[in-house]
Amino acid sequence: MDIARIKDRLRAGRDRLPEPTERPGPRSGWRRRWVWWLPIATLAAGALGGVGVAAVIRMPRVDSLADVSLGTISRFYNRNGEEFASFARERRVLLVEGKVPPLLRQAILAAEDANFFQHGGIDPQGVLRSVLRNVLEGSRIGGSTLTMQLARKLYLTPEKTWRRKIEEALLTVEIEKHYSKQQILTLYANLMYLGHGNYGMQAAALDFFGKSVEDLGVSEAATLAGILQRPSSYSPHNRPDLVTMRRDYVLRRMYEEDFITESQHETARAEPLQVVPRRGRAPEAPFFAEEIRRDLERRYGSELLLQRGLQVATTLEPSIQRAAERALHHQLVTLDHRLRGWVGAVEQVAEDEIETWTDPSWRGLVVKPNEWVKGLVLAADRRQAEVRIAETVHVLERDGMAWTRRTRPSTVLSRGDLAWFRFLPPEEGDGLGPLQLEQEPLLEGAVVVLESGTGAVRAMIGGWDFGRSQFNRASQARRQTGSAFKPLVYGAALEMGYTAADTLFDAPVVFVGADNTLTYSPRNFYREYHGISTLRQALEKSYNVTAVKLQDLVTAERVIDFAHRCGIRADLRPYASLALGVTEVSPLELAMAYSTIANQGIAFNPYLIESVSDRSGRVLEQHAPQASKAMEPQVAFLLTHILEGVIDRGTGSRANGLDVALAGKTGTTDGFTDAWFAGFTPRYTIVTWVGHDQKKRIGTNMTGAEAALPIWQSIVEAGLEEGWILRGERFDVPPGITFAQIEHTTGLLPGPAAEQVIEEAFLTGTEPAQYYDAKWARVAALPWFQQRAFYLPKDGERMPDDIEDWTLVQEAWENSEREEREAEVTRP
């Protein structure tokens, strides 16, 4: 057999990507002369060296191959059993033994080891062919079989030394002695890296083609097998030209090995790669997933989470999560439009780059209504702007930028501006509606939705965008709650026998401050005082003085105890300002406290994980409810009934009129730095927060009702529309509750002159006995200081007339203002 015939056969059976054949150089003659004895000498020397080295090399036990645990993906599932997040050090989906489809198996063998089922781990013919090619063509191509590659991957380093090659050969023989060909092939298919974070054939098939390995066609199977040689170079997304060449080579080898017919070969070669576009999909519920990841890593360790394929069933309800995300994002954008206006483009593209500019986010882009996309401004005049998004040019009309309060697009946008846009939904049918200009808000927000009767967290959002900041403001941020804390003061009072119809005198008064002297005098939001006020009226309208007075009467220690029983974990200090929410808590913490009220006094710890199993299905943990009795159901209902009035007539009246029972409370800190709304339906507790990460002003008059309540209301409206909140549902009334008609402003039984009559709830036997008459209307119309003559103080109630020196009150107000500035005390 002459040299030419040998080279022809080598080219026909080569198992690597063809490279241009080099012309014979001046040193090529010696290759021809030594072509026969050099491979034989090399093999002989290697064998003799192997015997010597084997005597001193300590080989790993290959029977441990059965214990090899390939890193697999930990997956999180929502309540519907749908995967919404995954975590892994190596993204791998395991195939079980015997489940490598014939077509993929043939492609791998054709590309990497055609004699796999004939040799015992080392293929002498393949080694000889490799050595000859190295000699004849100056290549650096190995003759490793699948088993040799497996031995190297599992046990050895990639260094290219004779010692490593001998170790590889010895390990290969041992692996072949202990394991079947099917076991070796399956492990190989699961182990190898194929680029873009994909480990194993199944993960790569799902990522590149969007299908499982058993559904791959001839071209797709050849593509995967071809990538194995050099995954860093053969990227279907970055170098489709190289991948196509490599695929065609594998197809030719499959045909030469009689794995496919000539017709299949030609058809597959004519097909495009058909790789699924790699578009960065926005992660679903990322803050929710990250909260679980941190918890699992803390309890199980990162190795188990990232390598062992945990299967985690969670409490996430996707419809509620989506509703909460829409509501939060819409409100943050609305507030940003209102408070900041247009501040400018994201960046400016240079003139000489505009025509060829491509934003990375455009790769594989499929534009959908209401999804934000980056657009490049090509032109803008007084009537419209031309905006390129990917390869398509769209028109921005004046209406699409009306929120900027400017009428000419040319005063807002310039050629080369890169800005955010979104398409509104069409008025009817499918497709896209008008283009809208957008900008990313600086404000942050948080939402927690709990199922009150179980503690299950059904939705959690920790900020505007997880990509911008992974800090979870729903669980990690601790902020002052303002008046949202007041219901806990009223709950402690109801436990002591107070009723919603009881009255306190809302007027200037001085309390012992943090310095243990009479230096703290709270004032109401508008610096007004209301005189005789029922507890219901004071909570509905969020009177600060009455809340502090009530806490003073029941004692701060009782309030702290009640709050802790409800679920507040913060260190509460017994200061007068405690009643106004100066203590910092997280939205999740506050949600638990409100859910306790909603659940008739039974407190459930919030939880996100239903169960955790390993990849074999063995259950590692199953959620067990953790409940405690925080208050009697009658107390919880009385408090709920007052909080219903906040929405019916008080600071939460924006949400009034929805067809479901609602109860809640606004909260705003001094300086408008934090805006809250916490409330519940008969089934769900919802807490919303808006603010900045640093304590700074949201905007003028940005109260809880203005900034946070719209988010809460939108979530409830979505629930009613989608059916996860039941229309007409009402709060259950426990035994021992009596309803009575009362006059709203006085808490008295209504007489003929009563105009504002409501139905009030009482513990049976605590209903009022006195009737309302016309004089009370005249008293209520008087200034607070003239109402004093008609009011009988409660035992221990601090009154304005207790103060002999009114300069002390003025000083107390000044001190209070200073204390408010330092402690960021509440506003309603």
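**Entry 1: H6 and H8**

I looked up the crossing of H6 and H8 and found that H6 passes H8 in a left-handed crossing, a term used when the near helix is turned anticlockwise from the far one by less than a right angle, with clockwise giving right-handed. The model is a predicted one, in which local features need pLDDT of at least 70, side-chain atom pairs count only at pLDDT 80 or more, and totals for chains, interfaces and linings use all residues. Residues are numbered from 1 along each chain as its sequence is written, and side-chain values use heavy atoms, leaving out hydrogens and water.

I noted that H6 covers residues 146-155 and H8 residues 181-191, with axes 10 Å apart and an angle of about 55 degrees. Helices here are DSSP runs (H or I, at least four residues), numbered from the N terminus. Axes are lines fitted to C-alpha atoms over the stretch in contact, and angles run from 0 to 180 degrees between N-to-C directions. H6 and H8 are therefore oblique to each other (under 35 degrees is roughly parallel, over 145 roughly antiparallel, 65 to 115 roughly perpendicular, the rest oblique).

**Entry 2: H9 and H10**

I then turned to H9 (residues 201-209) and H10 (residues 218-227), whose axes come within 11 Å and cross at roughly 120 degrees. H9 and H10 are therefore oblique to each other. I recorded that H9 passes H10 in a right-handed crossing. From H9, the contact (heavy atoms within 4.5 Å) is made by Met201, Ala204, Ala205, Phe208 and Phe209, and from H10 by Glu220, Thr223, Leu224 and Ile227.

Technical notes:
Helices (H or I, at least four residues) and strands (E, at least two) are DSSP runs, numbered from the N terminus.
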